[in-house]
Amino acid sequence: MKLYSIFLFALTANLAIANSNSITTINIDNFAIANKDSIVIDNPYFKVVRNGALFSSANTPNIGTRIIAALEDIKFKSSRGKIQIKRGEIAVFTEKEFYEIPKGSYFEIALKKDHPELAKPSEWVEPTKNKIVYEDTEFRVFEERLNPGDTRELHSHAQRVVVRLNDVQLTDPRVHPNGKPGTGMQVANTVKYAEPMVHVTKNLSKIPLFNIVIEYKIKW
């Protein structure tokens with residue numbers, strides 16, 4: 001009975017997470033703390049969590065910059081003050097900064113510090129019709145947009161994470177001008193990791209493409 005009481009107390013107690021600047025208290029009842037089922041990408045370059053956060057503390061070993069990509073309007077506190085972002089917007093935190101675990105729908109994207117050497121596409125052609133919303137020496141974040149029926153001519157990508165916000169179908173018109181059934185589908189509110197590539201993209205849908213792309217920078 002005594003052991004059961006201790007276990008029950010542990011489940012209902014607050015969890016204190018220490019960082020280099022302060023202590024943030026998180027209530028377990030909020031279910032904001034990520035678990036293994038919340039991890040949607042985990043490879044040598046990125047770790048991505050949905051609707052939870054594993055790396056809200058500062059100076060986490062092997063973790064550098066973290067990005068919160070909102071799937072709905074969210075607000076939370078951080079070492080920089082109150083953060084308020086809308087669906088499709090991001091908040092970027094350096095490894096020395098910390099933040100409260102947000103409530104709501106979002107992805108936490110963490111860049112790993114000890115990743116292998118970055119791969120390169122066969123050539124580099126800068127993509128057009130995108131809007132860069134953040135960049136530093138290591139990576140950049142851009143809004144990937146393409147109107148219905150529009151084409152993005154030949155362009156390159158580095159290793160990246162893509163947060164997909166609209167349901168659209170894409171094709172490389174050099175291969176399948178009118179698309180191929182069941183391929184190129186972008187499902188809203190999902191995320192994927194993609195390797196370097198060079199391609200042409202056409203939006204076959206009646207609504208715009210809207211993605212948030214976190215892409216490593218490579219040297220040529």
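Which strands each supply at least two residues of the lining of the largest pocket?

1. This is a predicted model, in which local features need pLDDT of at least 70 and side-chain atom pairs count only at pLDDT 80 or more, while totals for chains, interfaces and linings use all residues. Residues are numbered from 1 along each chain as its sequence is written, and side-chain values use heavy atoms, with hydrogens and water left out.

2. The strands in question are β12 (151-157), β13, β14 (168-171), β16 (190-194), β17 (197-203) and β18. Strands are DSSP runs (E, at least two residues), numbered from the N terminus. The largest share of the lining, four residues, comes from β17.

3. The largest pocket holds about 330 Å³ of space. A pocket is an open set of points on a 1 Å grid over the protein atoms alone, where a 1.4 Å probe fits and protein lies on both sides within 12 Å along at least five of seven lines; lining residues have an atom within 4 Å of a point. The volume is the space filled by probe spheres set on the points. Of the 21 lining residues, Leu-170, Gln-186, Lys-192, His-199 and Thr-201 lie nearest the centre.

4. The largest nonpolar core has 25 residues, and Phe-46, Ile-109, Val-163 and Ile-214 have the most contacts inside it. Such a core is a set of buried Ala, Val, Leu, Ile, Met, Phe, Trp, Tyr and Cys residues joined through side-chain atoms within 4.5 Å; buried means under 20% relative accessible area, exposed over 50%, and partly exposed in between (1.4 Å probe, protein chains only). The largest share of this core, four residues, comes from β18. A second, separate core of twelve residues includes Ile-68, Ile-74, Ile-83 and Tyr-99.

5. Ala-70 lies in strand β5 and counts as buried, at 3% relative accessibility. Its C-alpha atom is separated by 5.6 Å from that of Gly-88, 18 residues apart along the chain. Leaving aside neighbours within four places in sequence, the residues in contact with Ala-70 (heavy atoms within 4.5 Å) include Ile-85, Gly-88, Tyr-106 and Leu-165.

6. Most residues other than glycine have a negative phi. Asn-62, in the loop between β4 and β5, has a positive phi of about 70° and is partly exposed at 31% relative accessible area. Lys-129, in the loop between β9 and β10 (130-135), has a positive phi of about 70° and counts as partly exposed at 45%.
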